[in-house]
Amino acid sequence: MERMPIEDLKALQLDRLKAITRYVYDHSSFYRQRFAEAGVTPDDIRELDDLTKLPFTRKVDLRNTYPTGMFCLPKNWVVRYHVSSGTTGKPTVVGYTKGDIETWTESLARALTSIGLGRNDVIQVGYGYGLFTGGLGLHYGAERIGAAVLPTSTGNTERQIELMQDLESTAIACTPSYFLHMAEVAERMGVSIRDDTKLKAGVFGAEPWSLETRRRIEDTTGIKAYDIYGTSEISGPLFTECQHQNGIHVWADMFLIEIIDPKTGEQLEDGERGELVVTTLNKWAMPLIRYRIGDLTIMESEPCECGRTHPRIMRILGRTDDMLVIRGINVFPSQIESVLMNIPEVGPHYQIIVSREGALDVMKVRVELTDRGFSDRIGDLMALNRRISKELKNVLNISAEVELVEPGVIPRSEGKAKRVIDTRKV
Amino acid sequence: MSEIKQISLFVENRPGRMAKVSKTLSDAGVNIRAMTIAEAGDFGVIRMVVDDPQKGYDVLRNSGFTVSMTDVLAVEMRDTPGGLYEIVSALGENNINIDYAYAFVTAKSEKAMLIMRVDDIEAARRTLSSRGVKIATPEEIQKI
């Protein structure tokens, strides 16, 4: 499948595109309405280029139909749910049929195979298990290739390192920043990842990371660091680079990708930077047609040196919106805003400062105290500070340091406010 | 009986803030009788007793400060060993909690003035009066 001639692959994609278009039209009132608005029916899809006739789907559509309004099957077909952290208070829900889990698992099994992992490997999964897709996604993919899974999930870093040594992990999957933290902790413990463990590969993603970070990881720990990509709406983590580390292979029999100009919606050529759009070809509980994830990248359709013919996307260059990824968790300034707006003791102006302390992301929220919120007892102010932190954590699933400042201190802007100061060097 | 009005300010813990506060008051001709700064990391709370609280409050507020007025007790204590103990032990025995306190010495001989915020100002006043402790009035603070 992975080396299928491009022409055959395209014929397969066309068959599947026709099928999924017909399927969503027949099973989803949401898509039926969208297609009607765009003046298109499944019969209009006769070749792959006809894809452009179909309307885009956006994250806001998932939110507006929360929780399961975009499902195409009765809920008794669903064998699993994953739920995103949510942006404006409402998370997005993704349901999976048995077949959808199979597609996801197969995608990651191919990916892990492409970086040279197999049945002799021990893969330590340091992504969170639970509603987040990272842990369980990697878990199933790693089991599929016959590797032994060490499901450490996140946290308890010293124990992770002990187990890495004792059970001879050969690969780890986690966020790049967490791995950097792990390497620092290992050093303090007197453990050299290069010399004292069997680790040879890392599968890193869920937050933006740069080629410089890759070099730093590879130089300091001696492992090969691979980029992994995916997002919960289209299953979760799905694709990685192969051993050539030259772009992320997107399995074309499962997902049809385009790069568009985010402003005009027009398709762009190979090598041109634009917004990634994904159509799921083999997902049935919640298929997505021309879904605009919001990530900016470049597509490369030429076959890779490794012989795989499926298209590749280059390292994600940024987001079309202002989403922050902090310690692998998506954070939108609007989420922070909605929390602060519900606390009368603080004003409407705020600033988010993201930095990296050691290897870990740190988020600080600066907010102005109002007259109403001011008590001249320090204890009251500390309690307010703690309360804001707690409410932020409840919504964001990540802890944030809160700094109360005097009114007028946070810079105002007449145009679009610059609310985020991200000092991380990504 | 009218209470002493203390001015409290929320200020960021950075150079020049206190200067801005005192300049604002001095330009308005408001005299500071006593003050204290309580710091808590990034920010601090300045508390002060001035000769004209309303005017002080207004000028600070108009200058954009986060400011409030709080009722406090100002009591005279003997400026000799045991002076403070007399007062706080009386409050403690009557289960009155002191949120914070600070003191200054007046021009009057051998008297120190203790400023306190307590959780029950009426009870504190009754307790201290019954022990013969002299409680200052706003007028007396103004005239110091």
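Let's start with the secondary structure of chain B: five helices and six strands. Keep in mind, please, that this is a predicted model. If you walk along the sequence of chain B, the elements come in the pattern β-α-β-β-α-β-α-β-β-α-α. Chain B has 144 residues, and 31% of them count as buried.

So how do the strands of chain B come together? The six strands form an open sheet, in the order β2-β3-β1-β4-β6-β5, with antiparallel pairing. At the edges stand β2, residues 32–40, and β5, residues 98–105; each has a single partner strand, so one side of each is left without a neighbour in the sheet. From one strand to the next, the twist averages 30 degrees. If you are new to sheets, here is the background: strands of a sheet pair through backbone hydrogen bonds, either parallel or antiparallel.

Let's zoom in on one pair. In chain B, strand β1, residues 4–12, and strand β3, residues 43–50, run antiparallel and are joined by six bridges. If you want one to find on your screen, take B:Leu9, whose bridge partner in β3(B) is B:Ile46.

Now, which strands does helix α3(B) touch as it packs on the sheet? They are β4 (66–78), β5 and β6 (111–118) of chain B. The direction of α3(B) makes about 115 degrees with that of β4(B).

Helix α3(B) also has a helix to pack against. It covers residues 83–93 of chain B, and its partner is α4(B), residues 121–130. Their axes are 10 Å apart and the helices pack at an angle of about 125 degrees. Who makes the contact? From α3(B) we have B:Ile87, B:Ala90 and B:Leu91, and from α4(B) we have B:Ala124, B:Thr127 and B:Leu128. Sorted by class, this contact of α3(B) with α4(B) has five nonpolar residues, one polar residue and no charged ones.

Let me show you one loop residue in chain B before we move on. B:Asp42 sits in the loop between β2 and β3 of chain B. Is B:Asp42 buried or partly exposed? It has 16 C-beta neighbours inside 10 Å, which is why B:Asp42 counts as partly exposed. Leaving aside residues up to four places away in sequence, B:Asp42 touches B:Glu12, B:Asn13 and A:Glu403. B:Asp42 and B:Arg14 are 28 residues apart in sequence, and their C-alpha atoms are 8.2 Å apart in space.

Now to chain A itself. It has 426 residues, of which 44% count as buried, and its secondary structure has 11 helices and 21 strands. Take the contacts in chain A with a separation of 6 or more: 67% of them are between residues 24 or more positions apart.

Strand β2, residues 80–83, pairs with β3(A) in the antiparallel sense over four bridges. For an example, A:Arg80 has A:Tyr96 as its bridge partner in β3(A). Strand β3(A) covers residues 93–96: A:Val93 and A:Gly95 point one way, A:Val94 and A:Tyr96 point the other way, and all are buried.

Between those two strands there is a loop, and A:Ser84 is found in it. How many C-beta neighbours does A:Ser84 have inside 10 Å? There are 21, and so A:Ser84 counts as buried. Not counting residues up to four places away in sequence, A:Ser84 touches A:Pro91, A:Thr92 and A:Ser232. And here is a last pair to look up: A:Ser84 and A:Thr231 are 147 residues apart along the chain, with 9.5 Å between their C-alpha atoms.

Conventions
Residues numbered from 1 in each chain as written. Chains lettered and ligands numbered in written order. Predicted model: local features only at pLDDT ≥ 70, side-chain atom pairs only at ≥ 80, totals over all residues. Axes fitted to C-alpha atoms, helices over the stretch in contact; angles between N-to-C directions. Contact = placed C-beta atoms within 7 Å. Nonpolar A, V, L, I, M, F, W, Y, C, P; charged D, E, K, R; others polar. Buried ≥ 20, exposed ≤ 12 C-beta atoms within 10 Å, placed from the backbone. Pairing = 2+ DSSP bridges.
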